[in-house]
Amino acid sequence: MSRWSAWLIPWIAVLTYGCVPLEGDDAREGQGVQQHALTGTEVIDFSTASTLANTDASGKTGGMTVLKANSSNCTVGTYADCYAQYIEFSAAYTGHLSFKLSSLTQAAPAPSQITHLQVLTKYQGPAVSTSYYRWQLYRFTTASWVNIGTSQGRGDWAWTPALTLNLPSTETASSFVSSDGEIRARLIKGAGTDAAQLDSLRLQVSWDIPSTCTPETNAAFCARLGRDCGQVTGTDNCGQARTVSSCGTCLSPETCGGGGTANVCGQGASCTRAAFPKGTTWMWDLENSAIPTNLNAQVYVVDLFNTSSAKIQEYKSAGKKVVCYFSAGTYEDWRSDAGQFPQDTYCSPGENCAQSVHILGDWCTSGGCEWWLDHRKPAVRTVMASRMQLARDKGCDAVEPDNIDGYAHDDEIACTDQACWGLTATHQLDYNRWLADTAHAKCLSIALKNDVDQIPQLAASFDFALNEECQRYNECGAYKTWFTDQNKAVFNAEYLKDAGGDSMAWTSCTGTQATCACGQSGFAPGDMSTLVYRTSAVRYDNVGITCW
């Protein structure tokens, strides 16, 4: 559940509570730039096509321009084979497509920096004995066409939904790119008694751009790794091994590793984190800065920024455990600390941030906007460590970091066939575990918010779970195995009407209103605490069905 730029300011390493910052003691610090390579791959569509037309057996006319980007609007057959949608190349035919490096959105490589070219196509046609296809790329250095594949051996009318054609290993990819960045792919349809068709023809371009890297400071190195104290060894931002003799000194009563996490300042036996056992009841309100203290819930989940220290103490005096919400995976331009995020953490360099592909479209309103974060960047962890320190200072018992499954959304944010940030499941596991370690070092419990696919790998690091709509999507089972059966609370929110306007028929619950699991099989009464909200807005007076 997230909702809503202050401008960029240079980020600085923020002191973790109870620590003295390190001195610049490492020989690597202050060294000059290091040579690096920025590699990447992107699939692009053609810019122009040759004008040679063709008539197929059904009387339609056209040429290479009918090779659309993809068959996404095609629903015929298991492999989306759209026999009637594309024009057949019936008679002998030769036509080419022109691709442009300027179509690339993820980089701007020079022609000499292109390392691989692959033609991607979807093909169905007759056996070679009846007719054939040949695919070629144009070598600009010799003004000649080079074969990269034929229909030989592909069977008689066997649908090939994903055919990748590579340059011969003896060829140099940059020879197939003109000085102004043009790449040409050609189709040759041999004469024969039968026709064939292609659903698409696209080009995959790979590059290697020599670049430089400025090594991060020791302070930034320590902050990125989430370490406050002691000697730390790891890999710096330029991919080089580094050892910092001291990432800082802890202030009494905290010691280095005293909270249970190596190289993090914390207290040992004197720190007892709040417990959230199975069956704990809850209320979730991210809209109101004050809610009644007598609600039928043992836990109040509230917004970290909008809830005052005094109000949190009021809830705790009423016997409630307080969980404080913040987004750990997105940049919200309305937050008071928004200026601490460098622009490149939420908007690709050179991109129009107001129209960035990283924007969460559902959350752009007149009140503000929200972008996915590249949580691999040290500045992101610096801000999140500060937010958890704010939670501790305000008296929160635990934190609920939201949007910690950004890797699973990378392919949903309008980047051509590529993940915009290049976030992987491994990156996400590393970041989420860092969040848990940092919370624990500050004597805060922490909830695993959604990220259902990574529950088995992450459950041991988190104290309880908070999920949205696992019952609607029938994916609550992992919570039973990894949280409920380990005596950890599972808080579940469902919606009568979600943010997209979809309505669900939530009318009753299995079990009783006192102890039940709404609609989810496999749970015993009390295993999962469910709240059903009338709308996607999360506030205590919006609950449709309270299911404890």
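Tutor: A residue is buried under 20% relative accessible area, exposed over 50% and partly exposed in between (1.4 Å probe, protein chains only). This is a predicted model, in which local features need pLDDT of at least 70 and side-chain atom pairs count only at pLDDT 80 or more, while totals for chains, interfaces and linings use all residues. Residues are numbered from 1 along each chain as its sequence is written, and side-chain values use heavy atoms, with hydrogens and water left out.

Student: What percentage of the residues of the chain count as buried?

Tutor: The chain contains 6 helices and 28 strands, which are DSSP runs numbered from the N terminus (helices: H or I, at least four residues; strands: E, at least two). Of its 548 residues, the share that counts as buried is 51%.

Student: Why is helix α1 described as largely enclosed by the rest of the structure?

Tutor: The buried residues of α1 are Asn-218, Ala-220, Phe-221, Cys-222, Ala-223 and Arg-224. These pack against β13 (232–235), β14 (241–244) and α3 (378–394). Helix α1 is largely enclosed because the buried residues number 6 of the 8 in residues 218–225.

Student: Which residue forms a salt bridge with Glu-332?

Tutor: A salt bridge places a side-chain nitrogen of Lys or Arg within 4 Å of a carboxyl oxygen of Asp or Glu. With the closest N and O atoms 3.0 Å apart, the partner of Glu-332 is Arg-335.

Student: How many residues apart in sequence are the parts tied together by Asp-527 and Lys-480?

Tutor: The side chains of Asp-527 and Lys-480 form a salt bridge with an N to O distance of 2.8 Å. Asp-527 belongs to the loop between β26 (490–495) and β27 (529–533), whereas Lys-480 belongs to helix α6 (residues 477–482), so the parts tied together are separated in sequence by 47 residues.

Student: From which residue does the backbone oxygen lie 3.4 Å from a polar atom of the side chain of Thr-484?

Tutor: Thr-484 lies in the loop between α6 and β26 and is buried at 2% relative accessibility. Leaving aside neighbours within four places in sequence, Thr-484 is in contact (heavy atoms within 4.5 Å) with several residues, including Lys-278, Tyr-479 and Phe-523. The backbone oxygen at 3.4 Å belongs to Asp-527.

Student: How many residues apart are Cys-229 and Cys-256?

Tutor: A disulfide is a pair of cysteine sulfur atoms within 2.5 Å, and Cys-229 and Cys-256 form one with an S to S distance of 2.1 Å. This link is right-handed, with 90° about the S-S bond. Cys-229 lies in the loop between α1 and β13 and Cys-256 in strand β16 (residues 255–256), so described as distant parts of the chain, at a separation of 27 residues.

Student: Is the disulfide of Cys-250 and Cys-265 left-handed or right-handed?

Tutor: The sulfur atoms of Cys-250 and Cys-265 are 2.1 Å apart, and both residues are buried. With -90° about the S-S bond, this link is left-handed.

Student: What is the torsion about the S-S bond of Cys-470 and Cys-476?

Tutor: Cys-470 and Cys-476 are both buried, and their sulfur atoms are 2.0 Å apart in a disulfide. The link is right-handed because the torsion is about 95°.

Notes. Polar contact = N/O pair within 3.5 Å; in protein donor to acceptor, adjacent residues only side chain to side chain.
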